[in-house]
Amino acid sequence: MLVTSILFGSIDYETCKALHGFATTRPVYRNLANALLRRCRALPLHGFQRLSDLTDQQLIDAVNQATRLETAWLTRGPRPSTNSPYINSGDSLDGAARSWYKVISAPPNEEVDWLSPITSSYSLCATKSGKVVCWDVHRDECLAEWDPKERWELWKCRVEFEIRTVFFTMAKVLQKSFDDRAMEFVLMKLEFPEAGEPVFSELATFKTIGVVMNVFLLDPSSCLLSAFVWVASSNTIGLYALLDWRKEEYVFIDTGIECSMSSNWSCILYKEQIVIHSEESDVAHQYFYPISVLQQHARPSTPSSTFVPSISQRLGPITTMSAPFIFPPQSRSVSPETIPDEDEEPHVNGEHAEHAAPNGVNGDAEDDGEEPGAVSDGNPFPYPPWYPESAHFVRQWWPTLASVPRLSCTVVLLADHEPETHRTRYVLAQHYFKVPLIEPDELEQLPIQAAKAVEAAHTNHSLTNGHATTSTASSSSSLSDGAEWGEATPPPDQPLRKVRRGESSMMRLWYVSDPFEVVCVLDGVDDELDPEGSSERPRPLMAVDFGHAVWIEFAYPPEEDRDEKRLRFVTFPPVTADRDEMSYERVGPDGRGGPASAAESLEGIVRTLEVPDELDLDQVETINIDQSQGAIIISVRDGKIFILCYE
């Protein structure tokens with residue numbers, strides 16, 4: 001009997017040992033890393049590490065840490081962490097790190113205008129005097145500085161991990177007239193060599209005419225840059241592009257796409273096509289311009305101080321497709337309440353902050369006959385009165401694997417201004433999207449003409465025998481089988497086509513629907529940069545990363561006349577193809593989880609984050625988030641930068 005027990009005990013031990021050895025192999029953890037990256041959850045790498053550079057143990061540690069972070073932030077919210085590369089470094093100065101946060105210096109005698117982490121080792125800071133400074137987080141010292149000796153603004157920044165380089169654009173106004181405003185841009189790069197200090201260098205300069213809405217660093221490897229310019233005479237979007245910023249040539253066309261106050265815009269490169277992504281209150285559109293077509297409209301530029309670019313012609317998109325947003329059901333009785341951490345007090349100074357429910361979200365609605373108590377989905381925050389105060393488009397900026405599809409995330413801060421009280425209520429809307437909006441496996445939902453447009457966008461077969469072809473795919477905000485046939489607007493030289501409207505599986509929206517009042521800081525506007533605007537412009541203290549948002553809000557409703565502030569955070573459901581799988585666990589009074597209802601799964605759970613006693617939220621200038629390390633980065637007016645680490 002003893003021999004049998006020993007024998008079986010030995011077998012059990014050997015079996016467990018073998019299983020444990022298999023479970024901790026590199027292929028297993030590479031698959032786990034792939035699953036995390038497909039859910040758009042970044043791995044906590046150190047500095048400019050690449051996935052291929054990681055040892056087996058480093059890969060295991062990174063995957064385990066990312067999994068713990070994702071699970072914790074979805075179920076109980078972030079808590080102070082003592083295990084972060086921001087605060088655990090052999091290079092840290094004595095006294096620089098507290099138990100769970102770190103304080104470093106801002107550039108001396110400067111006001112911070114823009115701040116972003118560049119890995120867990122560096123930060124990049126633009127000041128209101130025009131400087132750009134690279135700061136060593138661990139040593140708390142300046143590593144490199146670009147000083148133009150005049151006022152410039154940082155407009156766009158992109159990190160290329162594979163080549164250890166940061167690309168960014170700086171802008172200034174040359175001519176102050178609103179309708180024909182002339183601007184100059186400098187395209188810069190900051191290189192981080194394997195050994196030695198980082199180095200700033202100038203890549204190109206270019207000029208624009210008109211009101212520039214945004215600039216996009218589409219592909220530094222091919223030197224591709226684009227910008228949106230408002231064409232005042234026609235209220236349309238102008239597309240400006242440098243197809244190779246090493247050459248003295250540019251493309252500037254009028255797209256004919258209407259510029260609406262309620263629209264939010266982004267630009268993405270997809271299979272040698274520049275894609276204009278536009279989001280309205282109820283629907284999203286994508287407009288495709290093959291680079292081969294744009295190249296035909298290239299014009300020479302010169303470095304002369306008198307040179308001004310001009311629009312060559314109106315050129316409609318070669319392919320257009322649209323998809324409606326999928327709104328949450330309006331039949332739920334109440335929104336999920338903010339759920340505090342187990343250790344978090346759900347009150348501020350002993351009092352609870354109440355919030356009113358938004359109009360139309362939790363109210364009664366008529367039955368559409370599909371099932372008892374259910375109503376057809378509709379936009380709970382339509383325009384008007386809800387307008388986009390700010391929109392944040394995020395691509396996967398972190399190191400990833402070639403097999404992981406590229407996705408985008410949109411977080412929109414919606415505002416409703418109350419004219420009587422002059423106070424503004426805010427809510428958050430979030431969703432994921434892909435390019436193209438409609439996948440090939442969704443073609444069966446569309447008619448032949450629309451299906452051809454989707455196929456063209458995926459394969460870039462927009463040129464046939466050297467001639468551009470035009471096709472249009474459109475879809476309606478109606479989600480029923482009896483959807484109406486709608487009209488899509490083609491380029492001016494094409495006949496109007498009617499196409500069937502469908503829906504895209506990625507267009508479901510999540511909300512923070514309990515209105516709150518975000519804290520805004522008033523940025524002084526230099527006359528050189530905005531000569532005909534207000535002397536001050538409000539900037540919401542809010543930052544987003546893929547599927548996450550953090551902001552500072554007033555803790556009490558306006559009628560209580562109290563100005564205490566708090567740091568708030570929300571994690572939205574991760575990416576998945578199944579709508580029903582995107583759900584939080586319901587947390588009961590006992591702290592235990594359970595399956596959430598479909599309605600609850602479409603609501604973000606807001607948490608209040610712990611902040612250090614020495615951090616005065618009244619003094620905050622900028623806020624940022626690094627989801628890969630679980631860090632919130634905050635700069636304050638007295639020249640300090642707080643790096644708050646959560647787990």
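Strands here are DSSP runs of type E with at least two residues, while helices are H or I runs of at least four, both numbered from the N terminus. Two strands count as paired if DSSP finds at least two bridges between them.

Now step back to the sheet around this pair. Its four strands form an open, antiparallel sheet in the order E2-E3-E4-E5. At the edges, strand E2 (112-118) and strand E5 (141-146) each pair on one side only.

The model is a predicted one, in which local features need pLDDT of at least 70 and side-chain atom pairs count only at pLDDT 80 or more, whereas totals for chains, interfaces and linings use all residues. Residues are numbered from 1 along each chain as its sequence is written, and side-chain values use heavy atoms, leaving out hydrogens and water.

The protein chain holds five helices and 38 strands. Of its 647 residues, 53% are buried, meaning under 20% relative accessible area with a 1.4 Å probe, protein chains only.

Where does the largest nonpolar core have the most contacts? Among its 40 residues, Leu43, Leu428, Phe546 and Trp551 have the most contacts inside it. Such a core is a set of buried Ala, Val, Leu, Ile, Met, Phe, Trp, Tyr and Cys residues joined through side-chain atoms within 4.5 Å. A second, separate core of 27 residues includes Trp73, Tyr101, Val519 and Leu644.

Technical notes. Buried < 20%, exposed > 50% of the residue type's maximum accessible area, 1.4 Å probe, protein only.
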